[in-house]
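Colleague: I have a few labels to check. Please show me the model.
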Amino acid sequence: MSIRTADDYAYDLLEKAKRFYGKGKNEFDENGKSAYYQSSIIFAVMCLETTINSIADELCIRDDFSLNEKSLLLEREISFDKGLFNLSRKLKMSRLIDKISFLLARFNARTDKSTDVWWGQLMEGINIRNALIHPKTIPTISPIQVENTILSVLKCIDVLYRAIYKRKYPHYNKKTVSTYDF
């Protein structure tokens with residue numbers, strides 16, 4: 001795959017997440033299964049983060065976003081210089097879930113996160129990814145958790161696309177079968 005844009009990169013990460021999930025399901029060795037499932041979760045959430053960052057970059061060009069909104073989405077601090085507030089180059093970390101929640105609210109996505117199954121599955125997938133990246137305990141990952149993470153990432157991106165762009169996510173389908181065959 002030739003990667004030209006952040007959207008292409010996000011799609012590549014998604015397809016790799018799906019492929020690792022498929023390889024994990026077919027792996028007999030427990031260490032191999034674990035490696036594939038861990039990789040799948042990490043790549044799926046990376047896909048989501050890449051997509052959210054791409055959307056944020058695009059939206060923050062617009063004039064109808066406040067400085068605080070841009071600060072959240074672009075993860076930059078607000079500075080005060082020569083009588084004006086501006087975005088600085090200084091990093092101000094924002095939680096991925098906060099960015100998603102903001103975008104859903106800002107664009108009036110018709111979703112009740114507290115009752116949507118995909119939201120709970122997304123939270124679980126992000127928590128697993130966080131436990132893998134910042135280990136304090138070693139998470140055990142089941143095939144259903146991996147599948148749910150991939151599907152919830154797809155659903156989240158689709159909900160955001162429908163709210164923001166008024167069209168479905170072009171790569172949205174509920175399948176976990178990758179187009180890759182490595």
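Modeller: Leucine 103 counts as buried, at 0% relative accessibility.

Colleague: What makes leucine 103 buried?

Modeller: Buried means under 20% relative accessible area, exposed over 50%, and partly exposed in between (1.4 Å probe, protein chains only). Leucine 103 has 0% relative accessibility, so leucine 103 is buried. Beyond its neighbours within four places in sequence, leucine 103 contacts Ile52, Ile55, Leu59, Leu73, Leu160 and Ile164. Contact means heavy atoms within 4.5 Å. One caution: this is a predicted model, where local features need pLDDT of at least 70, side-chain atom pairs count only at pLDDT 80 or more, and totals for chains, interfaces and linings use all residues. Residues are numbered from 1 along each chain as its sequence is written, and side-chain values use heavy atoms, without hydrogens and water.

Colleague: Why is helix 2 called roughly parallel to helix 6?

Modeller: Helix 2 (residues 30-59) and helix 6 (residues 143-164) pack at about 10°, with axes 9 Å apart. Angles under 35 degrees count as roughly parallel, over 145 as roughly antiparallel, 65 to 115 as roughly perpendicular, and the rest as oblique. So helix 2 is roughly parallel to helix 6.

Colleague: What makes arginine 4 and aspartate 8 a salt bridge?

Modeller: A salt bridge needs a side-chain nitrogen of Lys or Arg within 4 Å of a carboxyl oxygen of Asp or Glu. For arginine 4 and aspartate 8, the closest N and O atoms are 3.6 Å apart. That pair qualifies as a salt bridge.

Colleague: Are arginine 4 and aspartate 8 buried or exposed?

Modeller: Arginine 4 has 64% relative accessibility, so arginine 4 is exposed. Aspartate 8 has 17%, so aspartate 8 is buried.

Key. Axes fitted to C-alpha atoms, helices over the stretch in contact; angles between N-to-C directions. Helix = DSSP H or I, 4+ residues; strand = E, 2+ residues; numbered from the N terminus.
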